Amino acid sequence: EPEVTQTPSHQVTQMGQEVILRCVPISNHLYFYWYRQILGQKVEFLVSFYNNEISEKSEIFDDQFSVERPDGSNFTLKIRSTKLEDSAMYFCASSETGLHSTDTQYFGPGTRLTVL
Amino acid sequence: LAKTTQPISMDSYEGQEVNITCSHNNIATNDYITWYQQFPSQGPRFIIQGYKTKVTNEVASLFIPADRKSSTLSLPRVSLSDTAVYYCLVGVGSSNTGKLIFGQGTTLQVKP
């Protein structure tokens, strides 16, 4: 069964550094998402991406964040100048269409980001 | 987007049937009801989705009454590996961007 993969599984960085989290969505999917989950809290939507542009972003997704699909397979989340409060699990997800509430999103295993 | 209310936690024993009910009084006519499961340190995983009446798959059943103001996820004969957080989501596609809005979910603890 096809799956979403994410690398690295764990990233430790110093406050103020830039990190790039990588995701490989399911190959025939067209919509891509990033979510985050701070330890002990709920999963929060960050951004959705379609046709090489952002479809929607949350209030969390400020100028510190950016997303990119640099090639036909990877989908990346860049966090510039990381802050302590950016420490969280970051999940990538993809779906075939994303246009309707019936579309299933498939999540990756996540990247645990620890900012020291 | 319809607000959902579900129990924060539930306990069960292996082999029992578990029913988790979600209230969504403000569900819109075109909203579907979707349940996701999340194991510790993993991403959420789709379990089941329905619009009305009953839906069943190899993992669970979803019961939706005629007024659609609530839904019940039924897990038959749970095992220890069903210990997870279960999320009820409603109306997630209304924005046309497909974003999912998760609540706190129901933490199910299955005991031996």
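This is a predicted model: local features need pLDDT of at least 70, side-chain atom pairs count only at pLDDT 80 or more; totals for chains, interfaces and linings use all residues.
Start with the interior. In general, nonpolar side chains in soluble globular proteins tend to be buried together. Here the largest nonpolar core has 22 residues. Those with the most contacts inside it are Trp34(A), Val67(A), Phe75(A), Leu77(A) and Tyr90(A). Seven strands of chain A each give two or more residues to this core: E3 (19-24), E4 (31-37), E5 (44-50), E7 (65-68), E8 (75-79), E9 (88-95) and E11 (111-115).

Neighbours within four places in sequence are set aside here. Phe75(A) then touches Leu21(A), Arg22(A), Cys23(A) and Pro25(A), among others. Its contacts also include Phe32(A), Tyr33(A), Trp34(A) and Phe49(A). Val67(A), Glu68(A) and Cys92(A) complete the list.

Now the sheet around E8(A). Four strands of chain A form an open sheet in the order E1-E3-E8-E7, with antiparallel pairing. Strand E1 (5-7) and E7 of chain A are the edge strands. Each has a single partner strand, so one side of each is left without a neighbour in the sheet. From one strand to the next, the twist averages 20°. Inside the sheet, E3(A) and E8(A) run antiparallel and are joined by five bridges. One residue to look for is Arg22(A), whose bridge partner in E8(A) is Thr76(A).

In general, most peptide bonds are trans, and most residues other than glycine have a negative phi. The bond joining Thr7(A) and Pro8(A) is cis, with omega at about -10°. Pro8(A) sits in the loop between E1 and strand E2 (10-13) of chain A.

Next, follow E5(A). Five of its seven residues are buried, which leaves the strand mostly covered. E5(A) pairs with E4(A) in the antiparallel sense over six bridges. In that pairing, Tyr33(A) has Ser48(A) as its bridge partner in E5(A). The hairpin of E4(A) and E5(A) has six residues between the strands. Gly40(A) in this hairpin takes a positive phi near 85°.

E5(A) also runs antiparallel to strand E6 (residues 53-57) of chain A, and four bridges join them. Here Tyr50(A) has Glu53(A) as its bridge partner in E6(A). The hairpin of E5(A) and E6(A) has two residues between the strands. Asn51(A) lies in its turn. Asn51(A) is not a glycine, yet its phi is positive, at about 55°. How open is this position? Asn51(A) counts as exposed because its relative accessibility is 60%.

Ser41(B) lies in the loop between E3 and E4 of chain B. Its relative accessibility is 54%, so Ser41(B) counts as exposed.

Aromatic rings come next. A pair of aromatic rings is described by the distance of the centres and the angle of the planes. Over all chains, the count comes to 15 aromatic pairs. Tyr35(A) and Phe107(A) make a tilted pair, with 5.2 Å centre to centre and 45° between the planes. Tyr35(A) lies in strand E4 and Phe107(A) in strand E10 (residues 106-107), both of chain A, so this pair ties together parts that are 72 residues apart in sequence. Both residues, Tyr35(A) and Phe107(A), are buried.

In chain B, Tyr36(B) and Phe46(B) form an edge-to-face pair. Their centres are 5.9 Å apart, with 80° between the planes. Tyr36(B) belongs to strand E3 (residues 33-38) and Phe46(B) to strand E4 (residues 45-50) of chain B, ten residues apart. Tyr36(B) counts as buried because its relative accessibility is 1%. Phe46(B) has a relative accessible area of 26%, so Phe46(B) is partly exposed.

Both pairs belong to one aromatic cluster, formed by Tyr33(A), Tyr35(A), Phe45(A), Phe107(A), Tyr36(B), Phe46(B), Tyr87(B) and Phe102(B).

Technical notes. Residues are numbered from 1 along each chain as its sequence is written. Chains are lettered from A and ligands numbered from 1 in the order in which they are written. Side-chain values use heavy atoms; hydrogens and water are left out. A nonpolar core is a set of buried Ala, Val, Leu, Ile, Met, Phe, Trp, Tyr and Cys residues joined through side-chain atoms within 4.5 Å. Buried means under 20% relative accessible area, exposed over 50%, partly exposed in between (1.4 Å probe, protein chains only). Contact means heavy atoms within 4.5 Å. Two strands pair if DSSP finds at least two bridges between them. Axes are lines fitted to C-alpha atoms, for helices over the stretch in contact, and angles run from 0 to 180 degrees between N-to-C directions. Rings of Phe, Tyr and Trp (its six-membered ring) pair if their centres lie within 6.5 Å; planes under 30 degrees apart count as stacked, over 60 as edge-to-face and the rest as tilted.
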